[in-house]
Amino acid sequence: MNYKSVFYIFIFWLFYHTALFAQIKIQGTVVDDTNRVIENANIIIKEVNSDAILQFTKSNNNGVFQLQNLKKSTNYLLKISHLGLKTLEKRVEVQQENMILPVITLSRNAQALNEIILEAKKSAIKISGDTTKYNVDYFKNGTENNLKDLLNNIPGIKTNSKGKIVVNGQEINELLIDGENLYKKQHQLATENLASDAVKSIELYKNHTSFDQLKTNHPSGATALNILLKDSYKNKIKGSIQAESNSRDRKQISSNLYSFTKKNKFSLIQNSNNLGKKGIGDDDYFSITEGDDEQLKTRESGVVYANSTDLPQFLKIGENAVKLNTNFFNLANIYSPTKKTKVSFFSIFNNSDVTQKIVTQQSFTDSKLTFTEKINSFEKNNFGVANLKLVHKRNENTLFKLENRLIHDAIQGNNDINNLESENSINQNNESNKILFKSNFSLLKKIKNDFLTVNTFFNTNNLSTAGQIFSNQSFLNLNFEDDFVFKQNGNNRYQKSGYDATYNLNLKKVSIDLKADYAIHKHNFKTLSTTNPEYFNSFKNTSEQASQEIGLTYPVFTKARLLFRLNNNQILHTINDNEKLSNNFIGYSTSFKLKFNSNSTLELSNSFNNSVTNQENIIPDYIIKDYRSILENENLKPNTLFPSNKFNINFFKFNVSKNTALILNASHTYSNKALSSNLIYKNNYTISQFTTSPKDKLTTVMLFFDRKIKTFHVDFNINFTSVEKEFFINSILSKYSSNYFSNSVNLKSNFKHSPIHLKIGCNYSFSDFTNNGLKNKQYTLQNYIGLNGMFKKDFYWNLAATNTIFKLDSSERRMLQISPNIRYSSKNSNWEFYCNAHNILNINNAEILTNSNNIGFNTETIVSTLAGYINIGAKYKF
Amino acid sequence: MKKVVLIILFFISMPTSFSQTLRGIYINQTLEGVGDDSKLSETSKIPKVYEYVFHDNKSSQKLINSRGTTVDTLIQKYEKYDILVESTIKTVGISKSTIIKDFKANTYLRNFESDGTETYTQQPIPLYEWTITNETKMINGFNCKKATTNMNTGRRTFNVEAWFCEDVPINDGPISLNGLPGFIFEASSGKIFNFKFKNFTFSETEKTIIEPIKTVVKLEVLKN
């Protein structure tokens, strides 16, 4: 035996053992907590931090198991389970070969498997009674950015073209964030600013009663959507800042900040841009200026038609301007110091500067009078509303509410007008300043099955106006001394204070409402001219108004309900502190509502009402509106009544299985005494007198249809409006009629995993106006296509193309808008970069045609629109 | 005295934790016949529904929507000769099928009846060598992993793909499949069979008895 062979033997022995070292085996015994061995227990071994199963085995009838071929010095996770016992997970580090583990005890847990099953059954949608809970993670497909994207993925929920959330075909009554109605009707402020990652779950409540209402014994029919946020998004200030710009100084800076804590919810949204983007939509504006209670009333699927003269200027412009700077600011805060009290504050400020370039031609019926003007106008508008509401719910039967609202609307306008016929060159300045304050205190009390509501209110509205007209020629046949200048100031003050009480009696079947109200209204209207002091207006009307109403709701058979209301009104006017006039009139309304099921309703209603004339129309002398128009009052009296009769049909149907929604609304309103005008033509100006006419008819039909076909969403919309009025031209009875028809078809794709998503649609509208047989027509046809998708995981692109054709009797315009954009947004980063191009084919201002028409005249307008732009921007989320 | 009563009550209540019962149904969809490439008749493509029960280390799988043998008349039109030809199709189906696995006694009992012939077999529970691939899929809310094996019926070998959930510690599956560290929710072999488990219900207190199949025919014990 030499040393070499010993050495080789030693090396061989070493290798032998090393090879063996790799073959590590572990053994263990499984018992229960009474030390009984467990047979057939599942043994799984995994690598730590991995879910992958490396090996598995079972314990034998002595409770013993063995696992082989494991690596030394490696951390493993051992998982031992058996039916009826609690699963044990244990870290094991294999240190030696043939490792014997200490005895493993599984404790009794009969619930274990049940819990797993319940976890598994935590399905995507869970319905219990009136609450539907959505498990948000199930509905994500990876491309969601904000709450709006997430809602559109959930079946039955979507956002409509106006940004409102629609569930099962109907707009929701309340949008709650963690239980609080922070954004009121401005759903888009929540859907576009809350990140989709912030949402933990979404709940839908049917027959919801909001905090500032008392629960009744009847199902309320109202729906609310509650967005519950993840804890990581609460008790922190979260938000984002975004800025974009280009070399031509088109820019946008917007930011939003929100903070949700248990007692306080706060949201701040800011947007400054000169791109033509509105901070607030038309619907939202009306919802702010109307009362809260109007919004929370049980919704019928009705349609609201608003008079465009009620909208402030900054909302009517859209992109129809040469330059438009907007600063928008919205603050909302709800503080709940206790479970019974809520203090909510809501405010909106909007400041805009608009420069417009308009060429307009206005021609008057039955006359050669035509005004062709080139107008350059500049308007500055500051609008603000602040609303503070305190609600104290002492118990389920008593509620106190105090609401204060302050609105400020200041407009400054400057118009340079060039009249091409008379070669008149005019500069017109207008200033108006409106301050409105409303305060309302309510007590709601439930007494057994009945309800008592008492409100006391105080409103004050102060409007001051100032106007100046400078011209190079005489106008309006006024007396001028040196220059052709006219200046006037006006002040319009309105105050209302009073109370109303409602008692709601709920008998077994029938429900009776008794209401009484009393208020004192004060109108004070003055105008005077510093250049022409012979012309002035002064009017004062202090009136006492009282009304009593009785209403009856009777269930005709199980699914139908009949409603009847009758009211009696008395008004005593005191004009200019001496003359007394009075009104005594009744009104009624009936409605028959058939509820086939929770997703299908039909309502037929009829109402008859009288309304007293607007006291601002009682102009004692005359008002100069502009260099060629004068307003006068022909025969309206402060107590002139305008009766109107309205018939209405509302039908709503939502088919859950076919995912189809159908809404039909038709109404006909007629009156045999209505507010109208008498147009008097002079040589180069017109006088419009307020008068009454014997005919005013309005018919509207709206049909909306929405259906999900496989992976597409189709919606179809028809709108038809017909107006028939009688008016006067030079005191001769004349006829006006107009028909408006619009139709839109939209198709949207709903693919789950697709590189491209698609949206296409077509909108068509046609209107004709006839004044005494002279017809004018207008139509617009708009086709659009939108494609969007994702590539390379973090890049999102969007391409929208719209082709619009405007056609009037005499002219036609076409506009092709193409807006591509691309965005880079990574899940791991708080930064987002994008390139946003809008209307790139019209980098210089394009023009569109509009036609506005009313009784006695027709106006064709060519308006310059905002130029397109290509911007680069960045967004930071925190 | 009270203590003694309590302890006795505790011991009496013990066995109930082992009387848990799992119930559900397996649906088998066959799209292709075994052997030649003839088309499978439409009646054979109707999915078969089995009732599945697991209790106290025994499981049973029973066919509940048996169709048996059907004879259909088919009327076909021959365009060439413009005549109508009547033909009959006989589809042989299974009218009864029961599988009982006893994991304690290690027996696998099968009883099925088809076209008047009844067959009964008993053998030890087949052992399968599974390869877990660690692909995952969510089935009915359960996190399932994939495993493959080969099923040898003596005449042919099928490649079987199964999805099991390790959170459910029942090592059973459809037909003869078993042995995975979790319950098999789906098992398929190409288009030949495709079992899917549905209506997973679990009761901790239900006590049921899975009885071995009684038969008057003499047993033919097969060796594995």
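Guide: Keep in mind that this is a predicted model. In chain B, buried residues make up 23% of the 224 residues.

Visitor: What secondary structure does chain B hold, from the N terminus on?
Guide: Chain B has one helix and 13 strands, and the order is α-β-β-β-β-β-β-β-β-β-β-β-β-β. As for its contacts between residues at least 6 apart in sequence, 47% join residues at least 24 apart.

Visitor: Which residues touch the most other members of the largest nonpolar core?
Guide: The general idea is that in soluble globular proteins, nonpolar side chains tend to be buried together. Here the largest nonpolar core has 45 residues, and those touching the most other members are A:I43, B:A162, B:F164, B:C165, B:F183, B:I184 and B:F185. Strand β11 of chain B, residues 157-165, gives this core its largest share, five residues. There's also a second, separate core of 31 residues, with A:I165, A:L182, A:A198 and A:V199 among them.

Visitor: And what does B:F185 touch, leaving out residues up to four places away in sequence?
Guide: With those left out, B:F185 touches B:I139, B:F142, B:C144, B:W163, B:F164, B:C165 and B:F197.

Visitor: Which way do the residues of strand β14 of chain A point?
Guide: In a regular strand the side chains alternate between the two faces of the sheet. In β14 of chain A (residues 174-177), A:E174 and A:L176 point one way, A:L175 and A:I177 the other way, and all are buried.

Visitor: Which strand does β14(A) join, and do they run parallel or antiparallel?
Guide: Four bridges join β14(A) to β16 of chain A (residues 223-229), and the two run parallel. For A:I177, the bridge partner in β16(A) is A:I227.

Terms used: Residues numbered from 1 in each chain as written. Chains lettered and ligands numbered in written order. Predicted model: local features only at pLDDT ≥ 70, side-chain atom pairs only at ≥ 80, totals over all residues. Buried ≥ 20, exposed ≤ 12 C-beta atoms within 10 Å, placed from the backbone. Contact = placed C-beta atoms within 7 Å. Core = buried A, V, L, I, M, F, W, Y, C linked by C-beta atoms within 7 Å. Pairing = 2+ DSSP bridges.
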